Amino acid sequence: MLRLRFGIAVLAGGMLFAGGCSKEPVTVNASIVIPEGEKDPAVWGKKYPHHYDSYLKNKERTQGYSKYRNDNEDRIGPWPFQFILWDGWGMGVEYNEPNGHIDMLRDQIAVDPSRKKAGGVCLTCKSPYVPELKEKLGVDYFRKPYEEIRAQIPEKHREMGLVCIDCHDPKTQELRLSRWTLKEALRAIGKEEGKITRQEMRSLVCAQCHVTYSISKDAEGKSTYVKFPWAKGQWGNISIEAVIKQIKDKEEHLLEWKHKPTDQKLGHIRHPEFELFSAPGSVHWAAGVACADCHMPYERVGQSKISSHRWQSPLRGNMKPCLQCHNQSQEWLKQQVLNIQDRTNHMFTKAGYAVARAALTIEQAIKTPGVDAKALAKAKDIYHEAYLRNTWIGAENSMGFHNPPEAMRVLGDALDQGRQAEIIAREAILKAKGTPKEFDMAAIDAVVKERYASKDGKTGFRANVPKKAALLGDR
Ligand code: HEC
Ligand code: HEC
Ligand code: HEC
Ligand code: HEC
């Protein structure tokens, strides 16, 4: 421990607080001026060739670096209970592990159409043209069909993903927020834009997209807006409880889809990396560490030192980002990540099957004649809470690493609420003289295989996808 503290005191001090001073100047061609609004990264690359080279590496796809998050792998099949949780919309049809930033729009174009039914709104994180399109089109930007809105992007950039202008001011090269979604969300929690520190910006540029968002709907189910449901949280504590309160607030219209087994409209949670990382329990956030410290480490290129612009898992970079602050071995650091992830996966699996069991029991209760309507409504409501909590950790991309104790707390609650919902539904079935079915994990897997088997070999449940859901103990 002393060794760790010593290493951190010396190295993080230099990195976090002296910032750029410890770096040698970046070779820049000062005569090149990047025009305001310039989207093409190749133009920026003329001025910053090393950064552009680093950026172009985001095209590479690799396998085998991570136990849970390899590029492009199927992300539903390995945890079969998710098919039951997402029965009723695109999430249960096709959902893959993230790839590099350059491909993000191309990946979205290729994904099953059921994932883009919400409309143009789906482009919000995927194209630098979005802030302009939203200004120009107003509510039509959100509700009109995805391809109709994408066709408004100039043709040569219709497949272009993350680019320099999403995070930088072309004139000063300072970090800058380009999305109204984050600006509005920060305002809602009282974080003033003028008081954001440089170190906070090194996380907030990522929080433009690596957060959960909700799409509001009109009476016909058409999209009207997209927002981060943070208003009931606060800076440093955007908890799942705060997010759920806003999602369930009827005035907000954030119930986006209908879950078939429990026959009710639900909200949804997407990749809350920033929220989990910045919540209480996060040792790294408390120590002032930013997303960029672990995902954009400094690297030497010729005579200069740059922040890597190849955004990737620290595991793929052989733990090198961690060595900026830690002086343990790379093997030790990797083992710490795996220990945390295996334990999170254990609880995610346990909780996930409990929530799926609740769904199947509620489904049976709905079909049981004479079942008590009040009890059923209560079971359905607790199911909604359990589902959102389980997804808070399952959709987050670090498998618990960004904040291990918070991940455990949330999954513990999901497990408890899954059980509560199941018990209420069971008792309602018994009271109506029915016989509740028993669902252990194998029985749930059997239901999944039967109901959600792939029809095209690409989407839905495929038997050849390796299972990652796993318990460390035997029950
Ligand atoms: C404009 C939206 C946006 C911003 C800003 C953004 N990301 Fe991403 N990021 C994405 C999307 C979308 C994906 C998934 C892309 C895919 O699968 O095609 C992704 C994927 C990733 C991945 C996985 C890469 C891989 O190859 O597995 C990492 C790591 C990552 N982002 C980190 C960051 C960090 C750190 C920041 C801030 C410095 C950041 N992102 C800013 C949208 C964004
Ligand atoms: C997802 C956000 C994001 C995108 C997109 C992005 N950068 Fe950066 N960039 C950063 C962050 C974070 C830093 C570190 C800034 C700091 O420490 O103040 C940085 C730093 C820089 C620096 C300052 C020197 C250094 O290495 O720290 C330059 C120059 C730069 N980026 C150029 C580019 C270019 C050129 C592109 C497009 C090819 C680009 N960036 C795309 C987030 C981004
Ligand atoms: C202390 C280091 C650290 C910090 C700080 C950190 N991460 Fe991570 N992140 C990790 C590790 C470790 C993983 C797990 C990677 C794996 O399993 O391959 C990860 C995983 C990810 C992934 C999935 C990568 C993949 O290959 O699919 C994304 C996306 C991500 N982090 C984004 C962020 C964002 C956004 C922030 C800030 C809000 C952040 N991270 C802060 C260490 C960090
Ligand atoms: C910018 C500096 C920095 C980076 C980069 C960084 N860490 Fe840390 N890490 C810290 C600090 C500071 C602490 C708190 C240490 C303390 O108080 O003893 C810490 C604590 C930890 C702990 C102990 C957590 C606990 O709950 O006590 C682990 C494990 C850890 N880091 C792993 C990693 C891994 C793995 C990476 C790379 C993916 C990484 N760190 C990257 C600064 C950093």
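The iron atom of ligand 3 sits in an octahedral site, with angles of 87 to 179° among its 6 donor atoms; six donors count as octahedral if opposite donors are over 155 degrees apart and all others between 65 and 115. Donors here are N, O and S atoms within 2.8 Å of the metal (3.2 Å for Na, K and Ca), and water is not among the atoms, so sites may look incomplete. This is a predicted model, where local features need pLDDT of at least 70 and side-chain atom pairs count only at pLDDT 80 or more, while totals for chains, interfaces and linings use all residues. Residues are numbered from 1 along each chain as its sequence is written, chains are lettered from A and ligands numbered from 1 in the order written, and side-chain values use heavy atoms, leaving out hydrogens and water.

**Iron of ligand 3**
- His 295 (NE2) and His 402 (NE2) are its protein donors, lying 2.0 Å from the iron atom.
- His 295 is partly exposed at 26% relative accessible area, whereas His 402 is buried at 18% (buried means under 20%, exposed over 50%, partly exposed in between; 1.4 Å probe, protein chains only).

**Iron of ligand 4**
- His 284 (NE2) and His 326 (NE2) coordinate this iron atom at 1.9 to 2.0 Å.
- The site of the iron atom of ligand 4 is octahedral too, with angles of 86 to 180° among 6 donor atoms.
- His 284 is partly exposed at 27%, and His 326 is buried at 16%.

**Around Trp 230**
- Beyond its neighbours within four places in sequence, Trp 230 is in contact (heavy atoms within 4.5 Å) with residues including Leu 182, Ile 189 and Phe 274.

Note on methods
Tetrahedral: all angles 85-135°; square planar, octahedral: opposite > 155°, others 65-115°.
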